[in-house]
Amino acid sequence: MVNQSSPTGFLLLGFSEHPHLEKILFVVVLCSYLLTLLGNTLILLLSTLDPRLHSPMYFFLSNLSFLDLCFTTTCVPQMLLNLWGPTKTISFLGCSVQLFIFLSLGTTECILLTVMAFDRYVAVCQPLHYTTIIHPRLCWKLAAVAWIMGLIQSIVQTPPTLRLPFCPHRQIDDFLCEVPSLIQLSCGDTTFNEIQLAVSSVILVVVPLSLILVSYGAIARAVLRINSTEAWKKAFGTCSSHLIVVTLFYSSVIAVYLQPKNPYAQERGKFFGLFYAVGTPTLNPLIYTLRNKEVKRAFWRLWGKDGESKNT
């Protein structure tokens, strides 16, 4: 049974109608969170301490790792509390803070993944001019644009969402406070909010994804013009990790923010939302480290061992 004793806050229903599933999800989310903390902290340490990783690619990767740490810490502790016991409440202030940070970081990740695609495009298509084009000053500017756009998006969309007239039961059919779920909770006119959500989804999800696809289309054309298997392998190794991360992230984001309105889509959206909030931050460091010999060598150097010999 769900405890409904919080008139001033919200009830995060999640999968409260399946209590046995909640216990399984608690273990999965807890393990994922611990792996997220470990993996992303390790990438931040390696990118900071190892001089050989002081390159644009690892600068953007360290930004992504820091973002994932903040992203999961915003929602997972509350999620674990709700999954563990019958009390599913979150205060209005807590929901407001979670919504603001979640929107900001989600937007930043969309832009940051686009910036990383541009970095990979220059690395493959303009290798001789890479250091001239992707110089440290540009890296800082691009990262700043990603973080600032995330902040602006949150400032623009959070207040109108929180000003909606919510239904008296205040039950959010989700794991956390997200814009689609809060719009669904409203008992008033949500036309403006739905238009705002649709416009922001196009600008901040569809457009960045289109730019990423254009970048990889150019990369594919450049690689196909090279009659060298070794060059193909190098290009694939350069781009494959980022492409996998983009696929996982955007597929879950699209399922949450661009899904049709029906009960089946809402239930399916919960699983995609859970993967979007917990799964991708856990998998990102694994994808980048398991396929990356430089990161493996940096790890062994950090522990005072010969990284070269460990990868031969």
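This is a predicted model: local features need pLDDT of at least 70, side-chain atom pairs count only at pLDDT 80 or more; totals for chains, interfaces and linings use all residues.
Let's start with helix α5, which runs over residues 136-162.

Quite a few residues of α5 are tucked away. Buried ones include C139, A143, A146 and G150, and towards the end of the helix you'll also find P160, T161 and L162 on the buried list. What covers them? The cover includes α2 (56-84), α3 (92-125), α6 (179-185) and α7 (191-224).

Now take one of those partners, α3. Two packed helices are described by the angle between their axes and the distance between the axes. For α3 and α5, the angle is about 145° and the axes are 7 Å apart. The contact of α3 with α5 involves 17 nonpolar residues and 10 polar ones, with no charged residues. As for handedness, α3 passes α5 in a right-handed crossing.

## Aromatic pairs

Next, the rings. The structure holds 11 aromatic pairs. Take F26 and W84: their ring centres are 4.8 Å apart and their planes meet at 45°, which falls between the 30 and 60 degree cut-offs, so the pair counts as tilted. F26 sits in helix α1 (residues 19-49) and W84 in helix α2, so this pair ties together parts that are 58 residues apart in sequence. Are the two partners buried or exposed? F26 has 17% relative accessibility and so counts as buried, whereas W84, at 56%, is exposed.

Then there's F66 with W147, another tilted pair, with 6.0 Å from centre to centre and 50° between the planes. Because F66 lies in helix α2 and W147 in helix α5, the pair links parts that are 81 residues apart in sequence. F66 is partly exposed at 43% relative accessibility, and W147 is partly exposed too, at 23%.

Aromatic residues also gather in a group here: F71, F102, F249, Y250 and Y276 form one aromatic cluster.

| Residue | Relative accessibility | State |
|---|---|---|
| N82 | 6% | buried |
| V122 | 2% | buried |
| E178 | 3% | buried |

N82 belongs to helix α2. Which residues does N82 contact, once neighbours within four places in sequence are left aside? They are L12, E22, T87, K88 and T89.

V122 is part of helix α3. Not counting residues up to four places away in sequence, V122 touches P127, Y130, I133 and I134. One of these, I133, is 11 residues from V122 in sequence, and the C-alpha atoms of the two are 7.8 Å apart.

E178 is in a loop, the one between β3 (171-172) and α6. Leaving out neighbours within four places in sequence, E178 is in contact with L99, F102, V256, Y257 and Y276.

Technical notes. Residues are numbered from 1 along each chain as its sequence is written. Side-chain values use heavy atoms; hydrogens and water are left out. Helices (H or I, at least four residues) and strands (E, at least two) are DSSP runs, numbered from the N terminus. The expected span of a helix is 1.5 Å times one less than its number of residues. Buried means under 20% relative accessible area, exposed over 50%, partly exposed in between (1.4 Å probe, protein chains only). Contact means heavy atoms within 4.5 Å. Axes are lines fitted to C-alpha atoms, for helices over the stretch in contact, and angles run from 0 to 180 degrees between N-to-C directions. A crossing is left-handed if the near helix is turned anticlockwise from the far one by less than a right angle, and right-handed if clockwise. Ala, Val, Leu, Ile, Met, Phe, Trp, Tyr, Cys and Pro count as nonpolar, Asp, Glu, Lys and Arg as charged, and the others, Gly among them, as polar. Rings of Phe, Tyr and Trp (its six-membered ring) pair if their centres lie within 6.5 Å; planes under 30 degrees apart count as stacked, over 60 as edge-to-face and the rest as tilted.
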